[in-house]
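User: I am new to this structure. Can you show me how to read its core and one of its pockets?

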Amino acid sequence: MDSSMLPNEMKAQILPSFNAPYRLTTLPLPSFTADSPHEMLVRVLAASYCHTDLVLAQGQMPPFPPSFPHIGCHEFSGVVVSLPEHSSSQYRIGDRVGVPGRSFRPCGKCFECSREPDNDKNLYVDGGGYSVYCASAGNHGISTPGGFREFAIVDSRQVTSLPESISAVQGASLMCAGLTIYAAIKNCGLERGQKVGIMGCGGGLGHLGLQFAAKMGLGVIGVDVADEPLRVSGEIAETLRQKEGLSVRIVDARISRAEDIVQEMGKEDQRQDRSNMGLDAVIVLPESQRAMDYGISLLRAHGRCILVSFPANGFHISARDVVFRDISIRGSLVGSNRMLREMVMWAAEHNVQARIKSYPLKKLNDLVLEYKKGKGGKLVIDMSLDD
């Protein structure tokens, strides 16, 4: 799009205050920062809703947002429509890109930005004066305006190209949910044939995690406690088993005891020693102590628990599990942008697909109401929809 043809205004959904409905309004187009060659203007194609959007709107992430009104969404996709005069971007006008929340305008000088990858396998460090962990950087939709608008300024170092096989709507859902669960699986440190559990397997991250983990050659046990997420994850598991012969099992934690599941795994693996029965790793996605306890109960001795959720009151950790069973606990936030690009290409190659329900921008509040029903999958704003 010729810059001279860009409109002067755009539609945006703003959050006027905590616990308030979004309000559709008209705002001026955002403009480039002076002397910032990395910036690009994108026309937003799709904007995905994340659990973080909900807790932010409820006032559970102080000091964010820094002010009101606020534009949410930290996982979106778009097409490049304008570049600054002295652009250093590898992208060109017309390129489709996926945009994660972190890291917008990093300082380029701190410890995180100054780190260089140790080798090609170190996907947690970007190098080159850029880091998603820069404490001074902004985060789209959290500390800076996000994707619930028609146009957005993004950092060209922050984004990834979208392959033709990944639609804008699918691409948006991968920018946080996809990257976060992919990084969590990587953090498990497992090899093909080992077993991982996914607590909250029917949610936005969980149902993608089932696909990533199974297609990586891991044995997967997904656990949930609600009918609709169990239905979504059950359908995905059935497809993975029937069409690809992969090892995926879904457990309803309301009716199945963790110890019974462990004993069944022991029989399948022909193991009799309890310390050697169970999962090699478990990923905890819900903000639930029960999910945490259930997940750790599924682990064998020396297993690893990966925490992705961060409830306001934290989790109770059993010292007995840590000391006597050598259970290790590690947090996982997001991966680097090197990992983001790897994940997108991996998803395209292995046909990882989010279960998506789409809404037009003007119906964002309807989307939020639907999200609160907890039906699983991903809910996404599709800018091509009118009604």
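Analyst: We will take the nonpolar cores, then a pocket. Keep in mind that this is a predicted model.

User: Which residues touch the most other members of the largest nonpolar core?

Analyst: Members of a nonpolar core are buried and joined through side-chain atoms within 4.5 Å. Here the largest core has 45 residues, and I181, F212 and I283 touch the most other members.

User: Which elements give two or more residues to this core?

Analyst: The helices are α3 (168-187), α4 (204-215), α5 (227-244) and α9 (337-350), and the strands are β10 (195-199) and β13 (279-284). The most comes from α3, with 9 residues.

User: What does I283 touch, not counting residues up to four places away in sequence?

Analyst: Its partners include I181, A184, I185 and C188. V196, G197, I198 and M199 are also among them, as are I306 and V308.

User: Which residues does the second, separate core include?

Analyst: Y49, L54, A57 and L361 are among its 29 residues.

User: Now the pocket. How is empty space found?

Analyst: A probe the size of a water molecule is rolled over the atoms, and this shows where empty space is left. In this model, the second largest pocket has a volume of about 310 Å³.

User: Which lining residues are the closest to its centre?

Analyst: They are E150, L361, M383, S384 and L385, out of 17 lining residues. L361 also belongs to the second core.

User: What supplies the lining, and how does it divide?

Analyst: β3 (39-48) and α3 each supply at least two residues. The largest share, 3 residues, is from β3. By type, the lining has 9 nonpolar, 6 charged and 2 polar residues.

Conventions
Residues are numbered from 1 along each chain as its sequence is written. This is a predicted model: local features need pLDDT of at least 70, side-chain atom pairs count only at pLDDT 80 or more; totals for chains, interfaces and linings use all residues. Side-chain values use heavy atoms; hydrogens and water are left out. Buried means under 20% relative accessible area, exposed over 50%, partly exposed in between (1.4 Å probe, protein chains only). Helices (H or I, at least four residues) and strands (E, at least two) are DSSP runs, numbered from the N terminus. Contact means heavy atoms within 4.5 Å. On a 1 Å grid over the protein atoms alone, a cavity is a set of points where a 1.4 Å probe fits but cannot get out, and a pocket is an open set with protein on both sides within 12 Å along at least five of seven lines; lining residues have an atom within 4 Å of a point. Grid points are joined across faces, edges and corners, and a volume is the space filled by probe spheres set on the points. Ala, Val, Leu, Ile, Met, Phe, Trp, Tyr, Cys and Pro count as nonpolar, Asp, Glu, Lys and Arg as charged, and the others, Gly among them, as polar.
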